[in-house]
Amino acid sequence: MSSLSVGTVNDGTCQVQDVRGDHVGNLKWIRGAWKFKAIGHDEVGAVIPGGGPLTDRHNTVFASLDVAQINKVLGSAFDAHPTVHEPNLSPDKLIRSNAPLVARG
């Protein structure tokens, strides 16, 4: 299963990154709950809202920012879908991150 990290962007938004540090979505505070918004990128790097490896988890709702629960629910996409694979670790990707780390599951 994937180990996703969650970093604070502002009071109502957190960024979700995969083990390589790639941005795979955001958690947004909407109507009293945290809602996951998947993010993908096309071959030239343009953002695809609702896309990416966690597209099947787009709009998943969480009661709190419990990183273990977030990893259990969102990370299961890597196990449930044969077309979604654990990313290969790349040293250049592991060291880049512009969002402060909250916790790692």
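Contact here means heavy atoms within 4.5 Å. The model on screen is predicted, so that local features need pLDDT of at least 70 and side-chain atom pairs count only at pLDDT 80 or more, while totals for chains, interfaces and linings use all residues. Residues are numbered from 1 along each chain as its sequence is written, and side-chain values use heavy atoms, with hydrogens and water left out.

Select G40 to begin, a residue of strand 4, which covers residues 33-41; strands are DSSP runs of E with at least two residues, numbered from the N terminus. G40 is buried, at a relative accessible area of 3%, where buried means under 20%, exposed over 50% and partly exposed in between, using a 1.4 Å probe and protein chains only. Leaving aside residues up to four places away in sequence, G40 touches A46, V47, I48, G51 and G52.

A hairpin of 2 residues joins strand 1 to strand 2, and V6 has V16 in strand 2 as its bridge partner.

Finally, select R20 and D22, whose side chains meet in a salt bridge at 2.6 Å, N to O, the term meaning a side-chain nitrogen of Lys or Arg within 4 Å of a carboxyl oxygen of Asp or Glu. The structure holds 1 salt bridge. R20 is partly exposed, with a relative accessible area of 26%, whereas D22 is buried at 12%.

Technical notes
Helix = DSSP H or I, 4+ residues; strand = E, 2+ residues; numbered from the N terminus. Pairing = 2+ DSSP bridges.
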